[in-house]
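Reader: I would like to go through the labels on this model one at a time. Please give the value behind each.

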Amino acid sequence: MADHSSFRRHPHPFSVDLVRWLPTFGSTGRLLAAAVHDPAASSSHIHLLSVSDPSTPLTSLPLPSRATALRCSPSVLAAATTSGSLHLLPSSFDTDSAVSVPSGALFHVGPVRGLDCGGGTGGEEWVTAGEDGRVHVVAGGGDGRVVARRVWEGKGMVGYQAARWASPAEFATGGAGCGVQWWDRRKGDAVVVQCKGIWGHGIVTGMVHSIDIHPSRKHICVVGGSSGTIFAWDLRWPQQPIPLSGVGLDGTAQPVCESEVWEVLFDNYTQSSDIISSASTRILPVMMCSEDGILAVVEQDERPLELLVEPCAINSFDIDPHNPSVSSWLL
Amino acid sequence: MPGVPTDGGAVGTVVPFSREPGDAVAAPPVRTIRHGVAPPVSRVYVSFSSGNLLQVACLGPPIPEGGGGRGAQEVAVGRVVEVNLGGGGSGPGGADVEEEIDEAEMRRIQYGSVPAFALLQSRKNALADAAAMSRVPSVSEHAEWWQYVLEYSKTIGSLLGNPDSLPAFMIDDPKTILKDREKPTSLKASWELLEIFFVDKQLKSWLPERFVDWLADYDSLLTKTENTVYRTLTNFQKKLINLQIVEDDPDYWNGLAAALSVGWLDIVVNMLRFHGSYQLDQMDNRETENGLVEAVAVLVSTMPRMRPDLPTGKLGHCCKTRPDFIKALEKWRGQVNKLECSAFWIQCGHQKTRDGLKNLLHIMLGNIKNLTAATSHWLELFASHFLYIRPFTVGFEGMNHLAQKCIQLKPSTDNSGLTGLLGGILSENPEVVLAECTKSFGPWMVTHAMELLTADNDYADMMLHEERPNIGGISLEELHRLVYAQVLCSHSLTWQIAPTYLSSCLNQGLGLLEILLLKQPIQDNRLVLKTLEICRLYELGNVSTNIMKIGGIYHWKHGRKGTGVYWFQQAHDKVRLDRIALQLFENIGKSVTDDSFKVLISTLLYALSFV
């Protein structure tokens with residue numbers, strides 16, 4: 001089991017919505033990207049922070065509205081906003097060379113919460129899925145421009161809340177009341193499988209907030225959503241999602257939390273307690289953060305391991321791929 | 001009365017109302033709002049949203065059907081503008097606090113104090129329930145109550161510290177007088193003062209010494225303009241670098257006397273070692289002088305103190321019981337007297353050393369004139385009385401009397417909130433204490449300090465819990481909590497902790513909580529989910545259903561039909577869902593040729609089928 005490291009707290013003058021580790025190293029060590037919002041000035045920015053001194057931003061990229069999604073690829077930092085625009089910042093962090101796709105009829109109108117990088121031939125294509133029911137794939141045009149191709153126009157019939165690439169041609173999305181969908185670009189940009197999810201006793205349906213797909217087991221998604229629900233979806237048995245945590249779910253350990261699970265990530269560092277038979281049947285440990293202030297590691301049929309319990313909500317967290325450390329940001 | 005807007009001026013100012021002539025209050029400021037609605041503006045709606053945001057909806061006349069000239073440009077028929085009326089003042093801290101603690105720090109303190117407050121309230125409720133059921137007041141539980149309050153007090157006190165202000169790497173300079181410590185804040189000082197005097201029952205027998213400790217930590221905060229022992233010492237420390245002959249400087253002896261009078265014995269002994277007679281080349285000539293200085297240093301370091309123990313590094317001889325202390329004091333005073341009358345003084349060559357050391361001896365003997373001359377502020381004189389003149393003063397009446405005497409001897413014009421607070425505490429007046437907290441330390445302090453005041457004080461308990469008709473039938477405690485909750489709600493980063501305080505207000509709390517939740521914006525799904533979580537925690541089912549319905553209609557009307565249906569499902573709004581399902585069936589039946597549209601509708605129906 002992961003042993004508890006110490007937590008450092010840094011009070012910040014603004015509301016921090018999202019935080020991600022950056023794959024590159026700065027001159028003073030590891031870097032974080034944080035999407036912040038200043039309620040007094042009603043302005044939103046992406047701040048680049050150094051881990052050794054997180055209170056002063058090294059660079060700052062202004063956004064037209066509040067950030068709703070933040071993701072890093074090895075060379076680009078991308079942020080999507082509540083008005084529907086997408087902003088891409090290259091790894092040189094030169095704010096002048098930031099490219100953006102504006103919101104509107106050609107792109108998204110409304111909050112874009114599903115954002116991920118990893119599709120296409122070079123793994124540099126971005127998928128965006130918004131609450132307006134549209135799904136786009138954004139790729140670099142080669143000369144610094146970006147081209148957004150519409151994959152799906154939902155006309156508002158569905159509202160997407162999360163998206164994740166599984167392979168260069170497949171990705172998963174999840175939304176409000178419609179469960180999770182698996183898309184395959186080779187089959188004409190369509191949904192090939194979908195699943196309503198398993199939401200717990202007495203709860204009809206819920207909102208999916210976050211999806212993660214393990215890089216080495218691409219047929220398994222782990223999904224976090226409302227009412228403390230976390231379940232795993234194995235594509236080999238698409239109509240039988242595996243519950244990991246939830247209120248009133250039979251066959252699971254006690255629920256780790258009862259409110260919205262904002263983010264889930266596969267935890268590469270927690271040793272699975274049953275290493276011998278972890279061949280392909282068990283779901284690997286998953287870390288989650290929730291609205292009632294809990295950051296914990298959940299494993300199938302095990303007691304959840306709470307890492308942090310706060311009196312306020314934990315909005316976002318990220319696991320550093322180079323180091324077993326987690327950064328989490330609170331209200 | 002509000003004036004009717006004139007013929008829709010181009011900018012759209014809201015006309016201020018006119019007051020009676022001769023009214024002393026200045027006319028309210030006028031704000032210009034840019035709303036972009038083409039004139040004439042036929043209707044204006046105004047309402048307060050969360051916090052300081054005012055929402056103004058300006059509507060133009062409705063466009064006639066089939067109106068001509070549907071050009072490429074869209075004409076705004078109506079617009080809602082948010083005006084931020086906030087700016088300055090009414091933060092959670094009072095006058096003294098806002099200068100010392102910045103907003104992010106204050107927010108950290110506010111968030112940290114929520115679990116401690118909630119725990120104490122739940123313990124209080126548990127006690128009250130147990131008492132109601134058993135009908136016999138459980139004496140043992142009441143006796144334990146002060147321990148719960150002490151735990152609460154210590155938790156919050158630890159939040160108020162500022163460990164980051166310590167320099168990371170401290171070089172031990174032998175010539176430092178005052179060591180670098182974490183920067184004190186008056187919020188922490190006042191909190192500790194309340195804890196010492198109201199809560200900590202273990203301290204009762206050695207309260208004066210505990211007060212001396214408090215003064216040692218917070219002497220720097222007593223006044224901004226006048227002199228204090230701390231200031232005297234810091235000024236001398238700056239001089240010390242350039243001084244060649246330390247014992248010739250009168251500030252050296254003043255500093256020594258000042259430090260001794262408030263009981264900072266370790267500093268006195270340290271400073272005495274700066275005396276020139278310790279230098280190796282002087283040792284032979286000034287042997288007697290050095291002997292006298294060393295003798296005084298030894299006497300200072302063995303001074304009897306009426307307390308069970310001392311923190312490391314501090315000096316003195318601890319006595320746990322009164323008879324022990326009296327015996328030790330007599331013996332010690334005898335030694336001081338003997339030194340004072342000894343023949344060595346005649347042999348001491350240096351005039352200033354002789355006078356300075358004798359002054360120190362007189363202070364140790366409790367000579368009021370020397371003490372008054374050595375201290376700068378009445379609180380320091382007050383503390384020195386406890387050390388040298390009346391070490392057994394414990395009752396509030398005795399202390400108050402002593403305090404009045406000290407104020408007369410050293411009147412002070414620049415009073416910080418701390419001195420006013422102490423005055424209120426000693427005069428056993430909870431109203432003054434609360435008033436001082438409100439003025440100088442703000443609503444956070446008042447709300448949390450009320451628990452300390454009522455820990456063991458029946459009068460304060462009654463005063464705070466009595467329902468008063470002149471403020472609408474609520475108690476003073478509830479009033480202060482509501483004020484604090486209001487401050488929390490006015491800032492978008494702290495409104496989520498206001499429910500903890502509102503739910504502890506028995507009369508009006510839940511009603512105000514419902515209003516607060518219903519006023520939260522519903523455009524952002526995440527924010528709605530946060531609001532609904534609070535509804536779930538406080539079991540406000542009908543509020544959450546209303547919010548979900550409003551959210552559903554909002555999303556449906558703005559084209560996000562899927563999200564709208566989702567919210568209706570969550571609200572179990574069968575009526576609207578049935579109507580939607582009917583509408584969609586009809587759409588499929590009609591001549592809709594677009595296959596993809598059919599697919600979409602069937603997706604929606606699939607979702608609907610799980611109602």
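Reader: Why does Gly130(A) count as buried?

Author: This is a predicted model. Gly130(A) has 0% relative accessibility. Buried means under 20%, so Gly130(A) counts as buried.

Reader: Where is Gly130(A) placed, and what does Gly130(A) touch?

Author: Gly130(A) lies in strand 10 of chain A, residues 125-130. Leaving out residues up to four places away in sequence, Gly130(A) touches His108(A), Pro111(A), Val112(A), Gly159(A) and Tyr160(A). A contact needs heavy atoms within 4.5 Å.

Reader: How far apart are Gly130(A) and Gly175(A) in space?

Author: They are 9.1 Å apart, C-alpha to C-alpha. In sequence, Gly130(A) and Gly175(A) are 45 residues apart.

Reader: What makes strand 21 and strand 24 of chain A edge strands?

Author: The open sheet has four strands in the order 21-22-23-24 (chain A), with antiparallel pairing. Strand 21 (261-266) and strand 24 (305-309) each pair on one side only. Neighbouring strands of this sheet are turned by 15° against each other on average, direction ignored.

Reader: How do you know that strand 23 and strand 24 of chain A pair?

Author: Pairing takes at least two bridges. Strand 23 (residues 294-298) and strand 24 of chain A have four, so they pair, in the antiparallel sense. Ile294(A) stands opposite Val309(A) in strand 24 of chain A.

Reader: How many helices and strands does chain B have, and what share of its residues count as buried?

Author: Chain B has 26 helices and seven strands. Of its 611 residues, 45% count as buried. The accessible surface of chain B is about 31500 Å², with 56% belonging to carbon and sulfur atoms.

Terms used
Residues are numbered from 1 along each chain as its sequence is written. Chains are lettered from A and ligands numbered from 1 in the order in which they are written. This is a predicted model: local features need pLDDT of at least 70, side-chain atom pairs count only at pLDDT 80 or more; totals for chains, interfaces and linings use all residues. Side-chain values use heavy atoms; hydrogens and water are left out. Helices (H or I, at least four residues) and strands (E, at least two) are DSSP runs, numbered from the N terminus. Buried means under 20% relative accessible area, exposed over 50%, partly exposed in between (1.4 Å probe, protein chains only). Accessible areas come from the Shrake-Rupley method with a 1.4 Å probe; for residues, only the protein chains shown count as cover. Axes are lines fitted to C-alpha atoms, for helices over the stretch in contact, and angles run from 0 to 180 degrees between N-to-C directions.
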